[in-house]
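Me: I have a new model open and want to learn how to read it. Can we go through it feature by feature?

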Amino acid sequence: MTEQDKEFLDRITSYANDVCKDIDPQKTQISVQLERLMPVLKDIAKENNQAPEDVFIRYMDLANEAMVLTEQKLQETLSDIPDDGSGISGKNFMY
């Protein structure tokens, strides 16, 4: 992920954290969540002469990539946990 990608993702994520802080993403329809994100998506689209749909697709792609990277880091961290003889180690830790 490039620095530009990180800035793009951070901009939308920051906005989302602000405008969606009062909703439960598990219980709120995607259309409602998307409607709340639309202002920032439209702003970015206008700045880059793109369709808001293209901005949203890029956002989703980068959010998924960030999630995979976070998961990989977590797995690496857990694999470093030594086995202390209790049978619990990072290699068999379930989360």
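Me: How many aromatic pairs does a search of the whole structure find?

Reply: Rings of Phe, Tyr and Trp (its six-membered ring) pair if their centres lie within 6.5 Å. Here the search finds zero aromatic pairs. Keep the ground rules in mind: this is a predicted model, local features need pLDDT of at least 70, side-chain atom pairs count only at pLDDT 80 or more, and totals for chains, interfaces and linings use all residues. Residues are numbered from 1 along each chain as its sequence is written, and side-chain values use heavy atoms, with hydrogens and water left out.

Me: Which charged end sits over the ring of Phe8?

Reply: A charge sits over a ring if NZ of Lys or CZ of Arg is within 6 Å of the ring centre and within 35 degrees of the ring normal. In this model it is Arg58, with its charged end 4.0 Å from the centre of the Phe8 ring.

Me: How many helices and strands does the protein have?

Reply: Both are DSSP runs, numbered from the N terminus: helices are H or I with at least four residues, strands are E with at least two. This protein has three helices and zero strands. Along the sequence, the pattern reads α-α-α.

Me: At what angle do α1 and α3 pack?

Reply: Two packed helices are described by the angle between their axes and the distance between the axes. Axes are lines fitted to C-alpha atoms, for helices over the stretch in contact, and angles run from 0 to 180 degrees between N-to-C directions. For α1 and α3 the angle is about 105°, and the axes are 10 Å apart. That makes α1 roughly perpendicular to α3 (the class for 65 to 115 degrees; under 35 is roughly parallel, over 145 roughly antiparallel, the rest oblique). Contact means heavy atoms within 4.5 Å. Among the residues making this contact are Phe8, Leu9 and Ile12 of α1, and Val55, Arg58 and Tyr59 of α3. By class, the contact has eight nonpolar, two polar and two charged residues. Ala, Val, Leu, Ile, Met, Phe, Trp, Tyr, Cys and Pro count as nonpolar, Asp, Glu, Lys and Arg as charged, and the others, Gly among them, as polar.

Me: How far apart are the axes of α2 and α3?

Reply: They are 9 Å apart, and the packing angle is about 105°. So α2 is roughly perpendicular to α3. Contributors to the contact include Leu37, Leu41 and Ile44 of α2, with Pro52, Val55 and Tyr59 of α3. This contact has 10 nonpolar, no polar and one charged residues.

Me: Is Ile12 buried or exposed?

Reply: Buried means under 20% relative accessible area, exposed over 50%, partly exposed in between (1.4 Å probe, protein chains only). Ile12 has 0% relative accessibility, so Ile12 is buried. Ile12 lies in helix α1, residues 3-19. Beyond four places in sequence, Ile12 touches Val40, Leu41, Ile44, Val55 and Tyr59. Ile12 and Val40 are 28 residues apart in sequence, yet 6.7 Å apart in space, C-alpha to C-alpha.

Me: Which residues is Tyr59 in contact with, leaving aside neighbours within four places in sequence?

Reply: They include Phe8, Leu9, Ile12, Thr13 and Leu37. Tyr59 is found in helix α3. Its relative accessible area is 12%, so Tyr59 counts as buried.

Me: Where does Asn49 lie?

Reply: Asn49 is in the loop between α2 (30-48) and α3 (52-79). Asn49 has a positive phi of about 55°, although it is not a glycine. At 74% relative accessibility, Asn49 is exposed.

How values were computed. Phe/Tyr/Trp six-rings, centres within 6.5 Å; stacked < 30°, edge-to-face > 60°.
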